[in-house]
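Could you walk me through the ligand site and the domain layout of this protein? A short tour follows, with the cut-offs given along the way.

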Amino acid sequence: MPDTTVYLKNYQPPFFSVETINLNFDLYDDHALISNELKLTRQHEGPLHLCGDELELVSVHMNGQKLDQSEYILQPDALIIENCPDELTLNIVTRIYPQKNTQLSGLYRSNHLFCTQCEAEGFRRITYFLDRPDVLTTYTTRISAEKKQYPILLSNGNLIDAGDAEDGRHWVVWKDPFKKPSYLFALVAGNLACVRDQFVTCSGRSIDLRIYVEPGNEDKCTHAMESLKKSMRWDEEVYGREYDLDIFMIVAVSDFNMGAMENKGLNIFNSKYILARPDTATDQDFADVEGVVAHEYFHNWTGNRVTCRDWFQLSLKEGLTVFRDQEFSRDMNSRDVNRIMDVRVLRNSQFPEDAGTMAHPVRPEAYQEINNFYTATVYNKGAEVIRMQHTLLGKEGFRRGMDLYFNRHDGQAVTIDDFVAAMEDANHIDLTQFKRWYSQAGTPEVLVTSNYAQGELTLKMQQYCPPTPECHDKKPFHIPIRFALFDSKGQQLAIENEILELKEKEQSFTFKGLSEKPVLSLLREFSAPIKLKQNLSQDELLFLLKYEVDGFAKWDAAQNLIINSIKDCLNLHANKWQIPSALISALKHVLLDESLDADLRAELLTPPGFEDIAMQLESVDVGAVEKARDFFHQQLGWYLYEEAQMLYQQLWTSEDHRMNGPAYGRRKLRNVCLWLMMKAKESAALDKCQQQFIAAQTMTDQIASFSLLVNSTNQGLREQAIEDFYKQWSKEDLVLDKWFTIQAISELPETLNHVKMLLKHSAFSIKNPNKVRALIGAFCMGNPRNFHAIDGSGYSFLAEILVTLDKINPQIAARLANPFTRWKRYDQHRQRLMREQLERLGKMELSRDLAEVISKSLLVNEV
Ligand code: B3K
Ligand code: ZN
């Protein structure tokens with residue numbers, strides 16, 4: 001296969017600029033005809049190179065003259081015109097087949113709807129174009145379609161004209177006054193219901209807000225609409241950013257490769273992140289809707305008004321926008337608990353990615369398929385890199401940098417260097433060393449030792465970053481470490497500066513004039529995406545759990561206490577192992593401590609997951625880790641049974657079914673209690689669990705009890721719950737996704753066979769990404785004990801699915817292959833089994849997407 005790697009170092013500006021584009025879409029049930037009028041101006045010497053992908057070319061005209069085949073070069077991925085004047089108008093007509101587009105990139109059909117997904121390189125599947133983010137132009141889009149079937153016709157910008165044709169068809173014209181790159185183009189056509197509202201901006205302009213959904217779903221849009229209005233207000237208040245068009249539209253579709261897309265003025269969403277009603281969506285779903293609606297809205301400034309020069313700069317918009325949506329969610333909900341949840345995502349997805357075969361820097365330097373780089377590293381670690389700048393510059397300094405960034409670059413396609421330069425110039429500081437966070441992959445480890453003598457505390461820190469495919473010897477990072485010192489009574493000591501800046505490979509920090517040895521809390525708020533190696537004693541961790549007021553640091557102390565105990569269990573004979581009684585008392589105290597918010601108590605009591613433990617081990621024996629976790633959960637439930645039962649009862653009686661922060665917290669805590677009870681004494685707790693399943697008024701309560709019943713050893717009850725849940729929700733597609741997931745992550749040993757059976761269920765479709773994620777993704781990524789079964793059955797199952805799925809939707813196939821990129825971490829036996837599957841796949845003809853993931857996973861010995 002030819003090497004199609006794209007390198008950052010080879011970036012060249014485009015040879016032509018596009019002054020305007022006029023698009024005309026004629027949509028039919030079995031095809032679409034697209035005519036595209038481009039006005040081009042030469043910027044550099046060189047041929048006109050237009051990208052295309054799976055297009056049927058009907059005709060090309062240059063300045064009104066039809067071009068003969070000899071006047072252009074047609075390749076599978078391009079239309080090239082070598083000799084053209086410096087200014088020209090091109091008219092290109094293409095035919096495409098949206099109903100056959102199972103990749104869900106470009107123009108495709110979802111249910112009875114036409115919709116588009118153009119990021120990163122989908123526009124070239126619609127028409128020939130300079131499909132790269134640094135080519136910005138203004139779009140005018142005419143759409144015509146049969147009126148009865150497609151009453152709603154949408155594109156970016158403002159509606160400027162509309163009319164009926166004689167043959168039962170109708171047409172509309174949309175014009176977007178803002179210049180944009182092609183990846184932000186969008187079109188939707190179909191029969192959709194519309195929920196409307198309005199927002200008055202800070203300057204008094206009234207914005208028409210619309211959410212379009214399939215008819216019947218109108219009653220599930222309230223929360224998304226409220227979230228949108230809150231986001232619009234927040235961006236004005238926190239960043240001074242006002243919305244720019246007069247209309248903002250969101251369309252929810254069922255078949256979508258990812259969460260949502262920020263197309264200018266016309267966001268397209270996976271329905272999972274719009275539709276939410278308390279009986280169909282969990283509290284977590286509500287939080288996700290709020291976060292994703294905000295994320296896409298915030299892109300209007302960070303991504304759309306200021307966009308990326310090339311795809312290596314992806315984190316310029318994604319890392320920054322994730323940081324913005326994280327802070328928005330923290331402002332709308334509990335700041336501490338949201339930070340804990342963000343760190344959990346980072347540790348469970350990004351840290352393993354950094355340690356796996358696809359490890360890459362936040363700004364990658366090479367890719368084969370850009371869609372493989374919409375990763376936890378670019379998004380979540382990218383957000384941490386922005387957060388560190390916020391920490392170093394302070395709130396005001398960061399805002400000054402953002403203002404300068406927008407002032408300098410509005411309407412431009414820029415780089416990460418441009419962003420950092422704005423931060424530097426607005427604050428007169430030098431971030432040269434800091435920028436290594438963008439170019440070096442891997443998770444830095446910081447080893448801390450401390451020494452106290454005669455009123456002086458000395459901290460010695462050493463940083464080390466393991467090698468990753470692009471770099472073996474890492475230069476030291478600039479790491480901000482937020483910290484606090486406590487006296488022995490738990491009082492925080494006054495300190496001059498709460499940030500330690502670690503810049504050297506080895507560095508010492510001294511604190512003088514102390515009256516006793518203080519207790520140290522490092523990395524408060526998780527101020528840097530690192531692994532802290534500190535070896536705190538059990539007493540010190542218990543102290544922090546008790547006295548820390550920073551929610552993250554308190555929670556991390558609890559996590560470390562539990563991890564240490566589970567590690568002991570791994571090293572000891574199970575019957576000799578006990579959870580330390582001091583830990584039991586501390587957790588019992590948390591359970592009953594009404595001075596803490598319920599949701600923080602729930603987080604403190606939730607033991608670390610499989611990944612959190614695995615991350616600490618040299619070589620992971622999955623069975624042993626899962627067994628140790630089971631022991632821990634059972635014992636904890638056993639010791640806390642009485643208190644958990646009491647609290648459960650109290651919270652069940654006072655449940656008000658509301659949808660607000662405190663109510664979410666109470667439900668979370670109550671369901672942790674139910675889980676503990678079921679873990680410890682299933683037969684005693686089963687009644688309560690069943691009662692909750694039957695009486696639940698919120699999906700949160702129903703799914704919590706359903707999941708416990710599905711894991712029950714009582715086969716009759718289990719099967720009954722599965723049947724009842726299905727009957728109740730058979731018409732609600734998104735709830736069925738949950739039904740698939742809960743079964744896919746069941747801890748019971750027969751789960752793989754059950755999953756295979758569910759693949760044949762009438763509600764399952766391999767063409768629908770949500771279903772693939774809900775069933776297959778959940779099994780392979782959320783069920784370690786069954787996926788990593790010692791006989792390799794999970795691995796061969798995944799490999800077979802990949803072969804099938806790759807022909808349907810390569811982007812989704814490549815993502816699903818993720819567990820194989822982590823093979824290095826497991827024991828020898830499992831490594832061999834995973835490699836066998838990789839080698840088998842490596843010999844096949846695969847899409848560029850999947851081939852990149854597989855080939856890099858096979859290359860790993862080079863690290
Ligand atoms: N920008 C889109 C992601 C596009 C993914 C293309 N494979 C959604 C987002 O991050 O907001
Ligand atoms: Zn984004």
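Helices (H or I, at least four residues) and strands (E, at least two) are DSSP runs, numbered from the N terminus. The model is predicted, with local features needing pLDDT of at least 70 and side-chain atom pairs counting only at pLDDT 80 or more, while totals for chains, interfaces and linings use all residues. Residues are numbered from 1 along each chain as its sequence is written, chains are lettered from A and ligands numbered from 1 in the order in which they are written, and side-chain values use heavy atoms, with hydrogens and water left out.

**The ligand site**

| Side chain | Ligand 1 atom | Distance |
|---|---|---|
| Glu 119 | nitrogen | 2.6 Å |
| Glu 296 | oxygen | 2.8 Å |
| Asn 371 | nitrogen | 2.8 Å |

Taken alone, ligand 1 exposes 330 Å², and the protein buries 95% of that; the areas come from the Shrake-Rupley method with a 1.4 Å probe.

Glu 119 has a further feature: a cis peptide bond, with omega about 0°, joins Glu 119 to Ala 120. Ala 120 sits in the loop between strand E11 (113-117) and strand E12 (137-146).

**Domains and annotations**

An automatic or database domain assignment divides the protein chain into domain 1 (1-191), domain 2 (198-308) and domain 3 (730-862). The centres of domain 1 and domain 3, taken over C-alpha atoms, are 35 Å apart. Between these two, 7 residues of domain 1 are in contact with 10 residues of domain 3, where contact means heavy atoms within 4.5 Å.

An unreviewed entry lists "domain: Aminopeptidase N-like N-terminal" at residues 66-184, a span that is 0% helix and 51% strand. In the UniProt record, "domain: Peptidase M1 alanyl aminopeptidase Ig-like fold" covers residues 442-534; this span is 0% helix and 46% strand, with its end C-alpha atoms 19 Å apart. Residues 539-858 carry the UniProt feature "domain: Peptidase M1 alanyl aminopeptidase C-terminal", and there the chain is 73% helix and 0% strand, with end C-alpha atoms 45 Å apart.

Technical notes: A polar contact is a pair of N or O atoms within 3.5 Å; within protein, one must be able to donate a hydrogen and the other to accept it, and residues adjacent in sequence count only if both atoms are side-chain atoms. UniProt positions are given in the numbering used here, feature names are shortened, and annotations may be inferred rather than shown by experiment.
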